[in-house]
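Here are my notes on this model. Please read them with the structure open.

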Amino acid sequence: MMSVRSGASIAVAALAVAVLLAGCASDNYLPKAEPSFYRNLAQPGVQLDEAAAASMISGYRANHGLPAVALDPDLTRMAQGQAEIMARRDKLDHSAGKPFVTRLRAAGYDAKTAAENIGAGYHTLAEAFSGWRDSPPHKANMLLKGATRIGIAAVYTPRSKYKVYWSMIVAEPDNRKN
């Protein structure tokens, strides 16, 4: 004959197992969210995940013994402006508005070093990153020694064969001037 105490223990154990199994079962039916670096930006209203971009570049830099980069609102505004002007002109060009160094100065951004990558036709952050990583000059910019700040932008333009224009700026701020 089973005691009330052991019957209660079995009931509690059975309940715990049921809860665990229910948790496992529900995990299988939850829709899987696509990582933001695979988000297709070649459509209206889709936004670049700037934090994911900074994280991706930082991880790449860490793999090469370099410091992480943090999002910089000034660099992001400059990157956005460059991507927008390239999209308006439907032209991939570092000097689409003004030369890079001129744009840095005009924005009042004091940097010891800075570099810019641009691109067009990459529909996802993963594609842009891979394209830049596989191009020696762009790779060198992503691995700019001393860089600790980043700004990145992607602009969708439906009338272009490229659909998405990119600009990324990495910089080492000149803290002596602050």
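1. Terms and basis. Buried means under 20% relative accessible area, exposed means over 50%, and partly exposed is in between, with a 1.4 Å probe and protein chains only. This is a predicted model: local features need pLDDT of at least 70, side-chain atom pairs count only at pLDDT 80 or more, and totals for chains, interfaces and linings use all residues. Residues are numbered from 1 along each chain as its sequence is written, and side-chain values use heavy atoms, without hydrogens and water.

2. K163. Most residues other than glycine have a negative phi. K163 is not a glycine, yet its phi is positive, near 70 degrees. K163 sits in the loop between β3 (149–156) and β4 (164–173). Helices (H or I, at least four residues) and strands (E, at least two) are DSSP runs, numbered from the N terminus. With 27% relative accessibility, K163 is partly exposed.

3. D90. Here too phi is positive, about 50 degrees, in a residue that is not a glycine. D90 follows α3, in the loop between α3 (73–89) and α4 (100–106). D90 is partly exposed, at 31% relative accessible area.

4. α3, length. The expected span is 1.5 Å times one less than the number of residues. For the 17 residues of α3 that gives 24 Å, and the end C-alpha atoms are 24 Å apart, so the two agree.

5. α3, packing. Its buried residues include L75, M78, I85 and M86. What do the buried residues of α3 pack against? Their partners are α2 (50–63), β1 (70–71), α4, β2 (111–120), β3 and β4, where contact means heavy atoms within 4.5 Å.
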